[in-house]
Amino acid sequence: MTKRNTQQRRHTILAWVNEYGEVSVESLAAEFETSEVTIRKDLTALEKSGLLLRRYGGAIALPKEITASGKDEQDSARKTAIAKAAAALIKDHNRIIIDSGRTTETLIPELAQKRGLVVMTNAMNIANRLLSLENEPTLLMTGGTWDPHSESFQGQVAEQVLQSYDFDQLFIGADGIDVERGTTTFNELIGLSRVMAKSAREVIVMVESDKIGRKIPNLEIPWAQITTLITDNNLADDLRQAIKARGIQLICAELHTTCK
């Protein structure tokens with residue numbers, strides 16, 4: 001299969017996903033008369049480019065709220081503001097966990113002035129960025145089974161490693177925030193996130209305001225385990241009050257203060 005044919009096939013797959021909402025590996029393999037392994041590689045490449053979401057046995061289209069706001073300068077600025085607010089909560093010599101994710105990755109440059117940090121992560125990109133810091137935080141990796149969808153280590157080995165430690169803080173993102181339940185995710189691999197939350201004295205969720213109120217089927221971390229939620233100051237007043245009613249410390253990153 002030539003590179004051109006591969007690009008044409010992936011273009012067609014993406015068009016079908018956007019038209020029908022979801023596709024299966026089995027049907028795509030039959031349609032293109034190719035192996036399911038090849039189709040899975042196609043779907044992984046398209047997901048890595050931010051064009052669809054993998055799911056068991058196939059893929060689904062990106063939710064409209066993601067495609068509308070996920071890749072612009074404003075989104076990047078919000079992530080940076082959230083990261084600065086998160087870093088302000090970290091003291092020298094803290095032991096922290098940084099979960100995989102684009103928002104949590106933005107936290108790394110903000111750690112450059114912290115001394116004596118011990119940082120555990122399950123993501124290779126976060127680990128590599130930590131190693132580039134001149135203050136040289138102590139790096140711990142969970143190990144485990146590599147999950148290409150989340151680009152992170154998952155599974156029982158990773159969970160067992162985490163259970164061997166205790167940490168001051170966990171910094172974790174979310175695909176959505178259900179005001180009634182807690183953080184939610186498209187990913188069905190939620191076991192490690194829950195172990196992370198149990199291993200840390202503070203659980204700090206980093207999420208943009210447009211994800212708050214978004215209901216996604218998979219509950220990741222319930223409100224009872226969350227200490228702080230950091231977002232931007234575009235959060236609607238009714239959502240602010242609903243979150244604070246849960247006993248959560250709510251920080252609006254662009255204001256650098258607790259929400260009023």
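A salt bridge here is a side-chain nitrogen of Lys or Arg within 4 Å of a carboxyl oxygen of Asp or Glu. The model is predicted: local features need pLDDT of at least 70, side-chain atom pairs count only at pLDDT 80 or more, and totals for chains, interfaces and linings use all residues. Residues are numbered from 1 along each chain as its sequence is written, and side-chain values use heavy atoms, with hydrogens and water left out.

**View 1. Arg 115 and Asp 92 meet in a salt bridge.** The N to O distance is 3.2 Å. The pair links distant parts of the chain, 23 residues apart. Arg 115 sits in the loop between helix H6 (102-105) and strand E5 (118-121). Asp 92 lies in the loop between H5 and strand E4 (95-98). Helices (H or I, at least four residues) and strands (E, at least two) are DSSP runs, numbered from the N terminus. Arg 115 counts as exposed, at 56% relative accessibility. Asp 92 is partly exposed, with a relative accessible area of 29%. The cut-offs: buried is under 20% relative accessible area, exposed is over 50%, and partly exposed is in between (1.4 Å probe, protein chains only). Elsewhere, salt bridges that share partners join Arg 9, Arg 10 and Asp 42 into one network.

**View 2. Asp 232 forms a salt bridge with Arg 78.** The closest N and O atoms are 3.6 Å apart. This pair also links distant parts of the chain, 154 residues apart. Asp 232 is in the loop between strand E14 (228-231) and helix H10 (237-244). Arg 78 belongs to helix H5 (residues 73-87). Both Asp 232 and Arg 78 are buried. A search of the whole structure finds 15 salt bridges.

View 3. An α-helix has 3.6 residues a turn, so residues three or four places apart point the same way. Arg 40 is partly exposed, with a relative accessible area of 38%. Glu 36 is partly exposed too, at 34%. H3 (residues 36-48) has 13 residues. From its first C-alpha to its last, H3 reaches 18 Å, close to the 18 Å expected at 1.5 Å a residue. That expected span is 1.5 Å times one less than the number of residues. Buried residues of H3 are Ile 39, Asp 42, Leu 43, Thr 44, Leu 46 and Glu 47. Gly 50 follows H3, with a positive phi near 75°.

**View 4. Thr 184 lies in strand E11 of an open three-stranded sheet.** The strand order is E10-E11-E13, with antiparallel pairing. Strand E10 (176-178) and strand E13 (218-222) are the edges, each pairing on one side only. Neighbouring strands are turned by 40° against each other on average, direction ignored. Axes are lines fitted to C-alpha atoms, for helices over the stretch in contact, and angles run from 0 to 180 degrees between N-to-C directions. Four bridges join E11 to E13; two strands pair if DSSP finds at least two bridges between them.

**View 5. Thr 184 is buried, with a relative accessible area of 0%.** Thr 184 stands opposite Leu 219 in E13. Leaving aside neighbours within four places in sequence, the contacts of Thr 184 (heavy atoms within 4.5 Å) include Ala 174, Ile 177, Arg 214 and Ile 216.
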